[in-house]
Structure formats: C-alpha cells, structure tokens
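Trainee: Walk me through reading this model, feature by feature. Give me the general idea, then the case.

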Protein chains: 2
Amino acid sequence: MLKSLPEWTHLTGHAARIALPENHLKYLINRQNRLENFSIRGGGLFYDFTRQRIDEQVLHSLVNLAKIRKIKQRFNQMKTGEHVNNTENRAALHTATRSFSTDPVMDSGVDVMPDIRRIRDEIRQFSADFHSGKIAGTHGKLFTDVVVIGIGGSYLGSEFVATALQNFADKNIKLHFLSNVDIDNFGAIIDRIIPETTLWIVISKSYTTAETLANTNLVLQFLTQKGLQAKNHIVTVTSKGSPGDDPANPVLKSFHMFDFIGGRYSVTSAVGGVPLSLYLGYDRFEEFLKGAEEIDIHANTAPEEKNIPLIAALISVWNNNFLGYPAQGLIPYSSPLSKLSAHIQQLSMESNGKAGESNGKSVSGHDEGVDFYCGSIIFGEPGTNAQHSFFQLAHQGRPFPIEFIGVVNPCHDKYTEKLKGVTNHQELWANLVAQSQALATGKEDSNPAKFFPGNRPSATLLINDLSPKNIGRLLAFYEAKTVFEAFIWGINPFDQYGVELGKTMAADIRKEIAGKNKNPDYQFDDRDPVRKFYLDVLFNKKM
Amino acid sequence: MLKSLPEWTHLTGHAARIALPENHLKYLINRQNRLENFSIRGGGLFYDFTRQRIDEQVLHSLVNLAKIRKIKQRFNQMKTGEHVNNTENRAALHTATRSFSTDPVMDSGVDVMPDIRRIRDEIRQFSADFHSGKIAGTHGKLFTDVVVIGIGGSYLGSEFVATALQNFADKNIKLHFLSNVDIDNFGAIIDRIIPETTLWIVISKSYTTAETLANTNLVLQFLTQKGLQAKNHIVTVTSKGSPGDDPANPVLKSFHMFDFIGGRYSVTSAVGGVPLSLYLGYDRFEEFLKGAEEIDIHANTAPEEKNIPLIAALISVWNNNFLGYPAQGLIPYSSPLSKLSAHIQQLSMESNGKAGESNGKSVSGHDEGVDFYCGSIIFGEPGTNAQHSFFQLAHQGRPFPIEFIGVVNPCHDKYTEKLKGVTNHQELWANLVAQSQALATGKEDSNPAKFFPGNRPSATLLINDLSPKNIGRLLAFYEAKTVFEAFIWGINPFDQYGVELGKTMAADIRKEIAGKNKNPDYQFDDRDPVRKFYLDVLFNKKM
C-alpha cells in the first residue's frame, strides 16, 4: 500500500524539513543552479518548478516514488491497450486517437487504428464538404452556425480548444454549446442562430445522457416547427449502434466513438474532431493532434527526471498529500486560454477526485476512515485578470499552489504602441514574472496588513505561441499529468462512480414530477419534507 | 480577541460534537421541524440551510457570536457613512448608490445623496439619448457595440448582471469587456466591433490602473487610425478631477465615482450603471437597484435569527474556522447565472482573503504565526454542467460546502416539450433537489468505489425568476454576506493590500523591459537568474 512504502515515509520527513524557516522559498530559490536543476525542456514545452517548495532531496524521493509505483510502465500499458480502466474492464486509448504511427494498437486482440484512421478520414471529408458547400443547409445556403449538444466531456475540451484557436477560426461560422438542460440555455441559443443554416452536433457516447437527450428532443421539435429535417441538420457523434446511430432516425451523418475513450479524454477523438474541424478546418485539427502526439511520446519515453507531465504529477502529489494544499490555481497569462481551467477542472477533478487507498482498512462512513484524498480543487481565470480578482487571498490568505502558463508570442503582434515604455504584451509578461516572485518571496512589514508571508508555491509552463500544435501539447500535458497522478495514488482515473448517486436520486424525483404532470391530484411523498417543499414550489411556480 | 471569546470556545466544542457519527447529516436532516427551523424567507429570497452541519445549539452559539461582535451595528455604521474602511480612512457606501430613500447619508458631515441622485439622472439621460440616437456614432449611425475597458471590480459585476439579464437586452447592442492587458484581448475585440458605431467606456476610479490605461492608449491610437475622435466615442467613469476627467482630453461624457465605493462593490454605482443602462435600458437598471436596496434594508433591520445574509455569513465562518473546509462551491442551477461565481469569487476572496487577528502575537513569516485564515476559495459553474464536471470530487473526494441557487421560473417558458414525462426545467429542478440530498445522505456500499460518505454540507438559495429586481437581491445578498463575515472576523473587507507586492515587482520588471526597449545593449540584472531567463525569452521571442 502506498502509505507503507519507505518513499512515503521519506517524503513525510522531507515535508517536516521543508516547513522549517530556513527552507522558506525565498531561500530555496536562491540556491545554486536552481533554474538548471528545477526546470525541464521537452516535447515543445518548458516547465519551470523553481518556485515549488522542493529541494534536491524531495525531488529525488519523488522520482523514486514514481519508479517504485512503475508509473511510466503503467502509462505504456495504457497507451498499448491494456485494460487500465479496471473497474469497467476497458482500455483507455485517447492516445491512439492522435497517433500517426503505423504501429497497431491492440485492444483485446483487435487493432483499433483502422477505425481511428477511418473516422479521421470521415471528418476530413465531411469538413471539406461543409466548407465547400457540398453539404449545406436547407435551400442550399452555406451553414452559418454549428451547435454542439453535449455536456461535460462532450463539450468542455472543444470549448477550450475553439477559444484558444479562435484567431484561426472560419469567420463565417459561429460555434455554440448547448450543454445545460436549463431551458434558458436552449432559449438563448435559438435566439442567436439562423435555423435554416444551423448544423447541430449531438455528442453522447451512450446516447442516454439525460441533458443531451432532453435538448435533442427540443431541437427535433424546433426543426419540425421550422419545416426543417433532422437528416439535413443533425449529425451525431456516438457509439456504433446506439440510438443516435439508428437508420430508423436518419441524420446527416454519424461519427463513431468507442468505449476505450472516456468523455473527458475525448477531445482528440470525433468528439472534438467534428466541431473543431468545422470551426477551424480539418488541417488545424490535425496539427492539434500532432502536438498532442508529441507529448504522448515524451510522456512515454522521457526518463522520469526529464518527463514534464510526470514531474508535474509528482509535484501535485507532494503539494496535496505532504504539504496539505487542498486546491490548485490555474492561471494562463493569455486571454484566449480563458476556458482552459474549466476543462482541466473537469479532467482532473472527475478523474482523480476520489478517496485514496485505505491501507487495507474498510472505508467507513466518515472522513477519518479515509487515508487521504486524491485530487485537488482546480480553479482559475486568466492573468492579469485574476490579479484583480482573487489574488488578495493568494498572497495573504489561505495558501494554494498555482500553475502559471506563459505564451511567449501572442496572436496579435501588430499593436505595439507602448505605455511607460512597454507594449501590452511586455506588460503582461512583467506581471507573469512578478507574481510567482512575489508569491515565493513575500515581504516583511511591521504593519500586519502589509506583511506578505511568501513561501507560496507555483510552477510556470511556457508555450511558444497559440498554434494548434501548442494547444495540442498543452492538452496532452494535462491529460498525461492527470493519469500519472492517478497511477501514483493507485486509483482509476477513467471511472466516475461518484456522479451516480445524484443521478439515481434525480431519477426518483423525476418520476414524482412526471406522476404529478400526469395526474394533478398526485400528492408528493412527504417522508422527506424538504424534498416535498421543493416539489411544491416547482408546481406552484412560486417560493 | 475573537478566539478568546467564550462563544468561540463553545463553537469549538460544538464542532467536536458535530463530528460524531450520530450527528452525520443524514440524521440531522431528519430531525423534527428541520425545514422550519433551518430556513428563512425575507427580502424576496428563500434561504434553506437544512443541509448544513449545524443543529440548534450551533445556531444559537453562532447567533450569539454575531451579537457579541455587534455585526448588525457595524452594518448600520457602514450604511450610515462611518469610516469602516479604517486602513484607508474611508466610508464604504455602496448601499447609498441604491438608496431611494429621501434620508441623507453623511460622509464626514457631507450628504452624499445629492451626488448619487445627480449621477443616476445623468445615466438615465445619457441612456435615453443613446437609445434614441440623439447621441450616435460617427456619421450619425446608432451605436452597435459597447466596450467596457476595465479590470476586476470595474467589469466583473457588470458582466454578471448583463449575462443574467441577457433576455432583457437591447438586441441591437453588443456588450464587450476589454479587461486583460493581454494584446489578444484587444485583438479579439477589435475583430468583432464596427469602429464607427462603437462606444468605449473606460472605467477606473483613479485612472491609474495599468491594464486599463494600456488598453485605453491602444484604443486612442485605433480611433485615430480610423479617423474617429475620442470626444465622440469614449466615455469615462472615474473620480472627479482624475486624468480621465480632464477637459484637456475631451471625451463624450465623464461620470463620477467616489472614494467611498470600492471596485468590487461598485456595480450599483456608475461603474455598472453606465454599461448596464446602455445594454438593458435605464429602467431595468433602476429595478435592479431597487432589488439590491430591499436586501440592504433586510440586512440592516431583520433580527439576527431571521437575517439571511447574516446567517449565511455565520455559516461561512462555521464551515471555514470550525469544520475546516478550505473552499466553497457556488452552483446556480440557471445558465444565465454563469458569471455569478466569477463575480463572487472576486467580491469574497478580495474582501476577506486575509489572515485573521493574531491574538496579539506578531504575525511571523510562517503560517504557524497566523491564528486562522479568513475567506475561502470560491469557485463554481452552473448546474447541471457542474455535475458532469467536478462533482465526482464533491461526492467522493475532498469535501467542500456548496451554495446552490435555484430559480423557480425560467426566462424561456414557451418550450414545454417533455422527455420521460418532464420538461427541461423540471429535469433541472429534479437535479437541484437530488444533489443536495445525495451530498448530505451518501450511500453505504461494500464496494469502496461505489461508497458515498455523505455528510457534505450545502445551502440552497431560491429566487423567483431572473428579473432585474431579483438579480439586484442576489447581488446585495452576497455583498452583505461578505461584509458580515468580515465584521465577525474583525478584518476590513474594503482594502486589498495583498495585491500591492505583485504590482511593485511588476513595476520593477517593467522598468528593465523599458530600458532594453530603449537600448538594445541593456543587460538584464542577473542577480535573479530565473527572472533574467524570462526577460531573455521575452526579447528572443522563443523559449
């Protein structure tokens, strides 16, 4: 068990040592060769962890932990089709969706690559036909609006990538996301689109997701009202043979996805491929895939000490389990990366937001029975905006580590007017550099209101620019980091049983509501007065 | 000192008692009259705290703490102009900006209300002229785009309110926010607007905010390039006599703000008033103010036991300081409330993200010297989206309390197609009710992966619909809750010294960059090799 490993004991000792005043970050960062020893370049990324609360000994023990836990081997097993999603007895082959190698990838004796290549070809062809007008809206007009109907992993990744690459987008196409079952999400979108030239992409692996089916049901009614047909306006991304891939309900096109791709890891599959190719063009989508592939290869082959997502994962474990930080901020100094934190929030918290191994003890109904929690609360906004929002707490309140992201070259490079002698991009960069420095060093002051304790850890990840390839690298970095964390903790990052209880209870309540819809005399179950209260409010339409 | 009060000791004892297995939430919620005793109706809101980990004794001690700390008196002092912002020797009179009473509000012997009424009248008139076309873009065309240039409190509140009330918006006006100094924020906005019919609203109290000045500088250059003039296309919201209110730099109109309004509390002043009146019409803005006023009166007059923001603040303190939760989720079951959490994140974390009173001890350079941290990490996404994102962690990972918000009647009520016997709105509501229940009760299972510990606290706040008045109530509820928390902790929620160190360090780095811009031979200071590395990357334009 994890906590009985000698490396765990060593790390516990290191944590006590690092807490000593002489190991405050303001001293650590000034040690000899800090930058050389605590930064890595690889896979097109630069990762600087000079401002993490670690020293050579901590790093050494962390790397040993990774070796003992065989997490690189585990990554390779994942990449080569082993059923690492053991609770569901499935492979986890998101890496295959961006493989351009000619090597087969076997899942239970079957090579998955021919299917993956076929679907990429289908997306390329569909995207070409969409942009050329061969596929067009009713009355033959070019499509103007694309609406993704999907929730969670079926849209967050595409939203992140589309926003990050907005500068490459086809200016004639608007991309919308209908995710929430809230009728006001539907209402807002149909106010913004042109029905005759709107393509709806329904994304659900099982085609049983409650929100997605409810919204699709409304869209079908809406199309009928407008005299339009599903076979001209709807495409689906779903499992082969699901209700969304049924010739009895004809649609323009169905793209298949597979049980070896989980929702939150699906942006490089057809889930991201279809909307992103329509919005950006297929070639950009393929560049994006190639960036992701590059990081997969780096994660699989770079030695532990030089493996960026692996080292980042070790630092997460260190911050979480040894230094006790409950949360992590994610602050990209780039406004097109504004949707990154929402995507990584899902990727990380849904994968790893679980209780850790309980050392053989049965997990009791109380926190005490859990050895430790895996996963952190992930949240963030772009810098410098975040500085003017929650950085007060980051500097003087409850501490939490931050991952900064810097983009060396912005998209818009023609506005170079200076104020105080610097361009906007230089001003942004000055703030990026200053924040990690201020958080680490702090500042003494006899006035407690102006005293900064410092010793607040951060890392900085750099990409060269907002190219499709770099966005692919960024995505795959976070995916690899997430699974490396899970492999250290010994949890399965590909299931999400924690969302089931709420679904079951919602289904019970739905039945009661449906009962009352059918029969107005129906009386709500009053064994739970709070629940009854809310159901009465719903039907009375007032509080 | 707070921690030496007998109430603090009582609460510490209660926390130990509440941690006992027999006080698991699944038992607490079934106690007699739970709903009656742990919910409040008032000021147009309904607040349900049945699923918080409190019982009568905890509530009693919390209310006593509020009384001993005289937080209602403190609220009244704030509302009547006392200099509660003691570190800056200023009043905090955001409540005056939505007062429609004829009573004077005195700040240092001067009634502030005549100025506040005058500015409201100016906004009403300007908005009327804008909508009628009396004020128009170059060539006399009606304005089509309004861009707010402002960061932090100068835009987050307006963005929240504009998004929440989007259904009331003038469909001919697009509202944009240029907040980030990142050149890609500017670049994206100028790609979307029509220069001749764009009005820019520069918002900065001091007119010294680095980001806002840099962006304004670019906009001035952009206008010149397009042959347009600031006096036709720019309005400012700033302090009287600031550089933004200087006849030497003529603009279309300047609206004044005052030193007694802090940025994050400014959405009911001209900061929100100008953009929101242009986007929604002045009458809706006034309705919004009246909703906020109603909560101010409730917060000021309702007895502690029936005071919604006061009880909510006490529960925050309980969860933070006694139960040890480091974060709070904010989950509105309403997609138009998608920007609520970003606004409250700033309001709460910038106001209260501080170290608590240190019991007379000097605050040392290390966490151990701090008695406790005030403020929580606030984050959130709308439900049901959040269920498909980070609720795995909420149910089975590290626990954190959640504030749910329910909207009884959606905006769009004409789409009532049912699936599985329920409408979309009913499906949404079923999920809202189910989540708080599932978090509280949990579920036993011999399989650890399917075991739910439960005992995870939440509150639910209801509003009747997304009217301007209810959005005003919601805003003022969070403002009052935030200041009540601070008054219990004994901190000043109106200053933000924690953001100063980063600014100072950024200014130093800016000087180095400007030096190199002037003289390419300039060598960066190499005493900090990490900093030098980043500056070299910036100038080399590669990592």
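This is a predicted model: local features need pLDDT of at least 70, side-chain atom pairs count only at pLDDT 80 or more; totals for chains, interfaces and linings use all residues.

Trainee: Which residues of H5 in chain A are buried?

Mentor: General idea: an α-helix has 3.6 residues a turn, so residues three or four places apart point the same way. In helix H5 (residues 71-79) of chain A, the buried ones are A:Ile71, A:Lys72, A:Phe75, A:Met78 and A:Lys79. They share one side of H5(A), because they cover an arc of only 115° around the axis. The arc is taken from the directions from the helix axis to the C-beta atoms. Buried means 20 or more other C-beta atoms within 10 Å of the residue's own; exposed means 12 or fewer; partly exposed lies in between; C-beta atoms are placed from the backbone.

Trainee: What covers the buried residues of H5(A)?

Mentor: The cover includes four helices of chain A: H4 (56-68), H12 (282-301), H13 (308-322) and H17 (468-489).

Trainee: Which residues touch the most other members of the largest nonpolar core?

Mentor: In soluble globular proteins, nonpolar side chains tend to be buried together. Here the largest core has 337 residues, and A:Ile201, A:Leu314, B:Ile201 and B:Leu314 touch the most other members. A nonpolar core is a set of buried Ala, Val, Leu, Ile, Met, Phe, Trp, Tyr and Cys residues joined through C-beta atoms within 7 Å. Beyond its neighbours within four places in sequence, B:Leu314 contacts B:Leu62, B:Leu65 and B:Ala66. Contact means backbone-placed C-beta atoms within 7 Å.

Trainee: B:Ile201 sits in a strand. Which residues lie on each face of S7(B)?

Mentor: In a regular strand the side chains alternate between the two faces of the sheet. B:Thr198, B:Trp200 and B:Val202 are on one side of S7(B), with B:Leu199, B:Ile201 and B:Ile203 on the other, and all are buried. Six of the six residues of S7 (residues 198-203) of chain B are buried, so the strand is largely enclosed by the rest of the structure. S7(B) pairs in the parallel sense with strand S5 (residues 145-149) of chain B over five bridges, and with strand S8 (residues 234-239) of chain B, also parallel, over four bridges. Pairing requires at least two DSSP bridges between the strands. B:Ile201 stands opposite B:Val235 in S8(B).

Trainee: In what order do the strands of the six-stranded sheet in chain B run?

Mentor: The order is S1-S2-S13-S12-S10-S11, in an open sheet with mixed pairing. Strands S1 (39-42) and S11 (377-379) of chain B stand at the edges with a single partner each, so one side of each has no neighbour in the sheet.

Trainee: How many residues of chain B are in contact with chain A?

Mentor: 127 residues of chain B are in contact with 128 residues of chain A. Helix H16 (residues 424-441) of chain B gives the largest share of the chain B side, 13 residues.

Conventions. Residues are numbered from 1 along each chain as its sequence is written. Chains are lettered from A and ligands numbered from 1 in the order in which they are written. Two residues are in contact if their C-beta atoms, placed from the backbone, lie within 7 Å. Helices (H or I, at least four residues) and strands (E, at least two) are DSSP runs, numbered from the N terminus.
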